[in-house]
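Me: I am new to this structure and would like to go through it step by step. Could you show it to me?

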Amino acid sequence: MLVLSRKRREVVVVGGPKGFELMLKVTVLDIAGGTVRLGFEAGPDVPVHRLEVWEKLLAEGKPDSLAKGPVGPVG
């Protein structure tokens with residue numbers, strides 16, 4: 001597991017299989033008490049789900065639902 005420290009408005013990017021292809025951009029939006037708000041930007045072909053939703057989709061045998069990325073384009 002990679003562990004990173006980020007401050008508000010700082011970003012982490014995840015690259016794709018072709019080197020510097022950007023797959024996912026994660027921005028720290030807010031930090032309040034014990035809660036961190038994160039913003040995710042990914043292409044429409046990159047699924048982004050909370051773990052419990054992803055596990056439910058897998059258990060229900062709905063792989064097509066996992067392929068739908070609910071967030072906006074990476075910029």
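Reply: What follows is a short exchange about this predicted model.

Me: Let us start with the outline. How many helices and strands does the protein have?

Reply: The protein has two helices and three strands. Read from the N terminus, the order of the elements is β-β-β-α-α.

Me: Which strands pair, and in what sense?

Reply: Strand β2, residues 22-32, pairs with strand β3, residues 35-42, in the antiparallel sense over eight bridges. The pairing of β1 and β2 is also antiparallel, over five bridges.

Me: How many residues lie between the strands in the hairpin of β1 and β2?

Reply: That hairpin has six residues between its strands, and Gly-19 in the turn has a positive phi of about 80 degrees. In the hairpin of β2 and β3 there are two residues between the strands, and Gly-33 takes a positive phi near 60 degrees.

Me: What is Val-26 in contact with, leaving aside its neighbours within four places in sequence?

Reply: Val-26 is in contact with Glu-10, Val-11, Val-12, Leu-38, Gly-39 and Phe-40.

Me: Is Phe-40 buried or partly exposed?

Reply: Phe-40 counts as partly exposed because its relative accessible area is 34%, between the limits of 20% and 50%. Phe-40 lies in strand β3. Together with Ile-31, Val-36 and Leu-38, Phe-40 makes a nonpolar surface patch of about 320 Å².

Me: Which element gives the largest share of that patch?

Reply: Strand β3 does, with three residues.

Me: You also named Glu-10. Where is Glu-10 placed?

Reply: Glu-10 is in the segment before β1, which covers residues 11-15. With a relative accessible area of 27%, Glu-10 is partly exposed. Beyond its neighbours within four places in sequence, Glu-10 is in contact with Ser-5, Val-26, Thr-27 and Val-28.

Me: How far apart are the C-alpha atoms of Glu-10 and Leu-29?

Reply: The C-alpha atoms of Glu-10 and Leu-29 are separated by 8.2 Å, and these residues are 19 apart along the chain.

Me: On to charges. How many salt bridges does the count come to?

Reply: The count comes to three salt bridges. One of them joins the side chains of Arg-6 and Glu-10, at 3.6 Å from N to O. Arg-6 is partly exposed, at 39% relative accessibility.

Me: Which residue forms a salt bridge with Asp-30?

Reply: Arg-8 does, and the closest N and O atoms are 3.0 Å apart. This pair links distant parts of the chain, since Asp-30 is in strand β2 and Arg-8 in the segment before β1, 22 residues apart. Asp-30 is partly exposed, with a relative accessible area of 27%. Arg-8 is partly exposed as well, at 44%.

Me: And what about Arg-50 and Glu-52?

Reply: The side chains of Arg-50 and Glu-52 meet in a salt bridge at 2.7 Å, N to O. Arg-50 counts as exposed because its relative accessibility of 54% is over 50%. Glu-52, at 48%, is partly exposed. In general, side chains of opposite charge can pair when their charged atoms come close.

Me: Finally, the protein as a whole. What percentage of its residues count as buried?

Reply: Of the 75 residues, 19% count as buried. The accessible surface comes to about 5,900 Å², and 60% of that belongs to carbon and sulfur atoms.

Me: What percentage of contacts join residues at least 24 apart?

Reply: Among contacts between residues at least 6 apart in sequence, 22% join residues at least 24 apart.

Technical notes. Residues numbered from 1 in each chain as written. Predicted model: local features only at pLDDT ≥ 70, side-chain atom pairs only at ≥ 80, totals over all residues. Heavy atoms only, no water. Contact = heavy atoms within 4.5 Å. Pairing = 2+ DSSP bridges. Helix = DSSP H or I, 4+ residues; strand = E, 2+ residues; numbered from the N terminus. Patch = residues over 30% accessible without salt bridge, like charges linked within 9 Å, V, L, I, M, F, W, Y side chains within 5 Å. Areas by Shrake-Rupley, 256 points an atom, 1.4 Å probe, with all protein chains shown as cover. Salt bridge = Lys/Arg side-chain N within 4 Å of Asp/Glu carboxyl O. Buried < 20%, exposed > 50% of the residue type's maximum accessible area, 1.4 Å probe, protein only.
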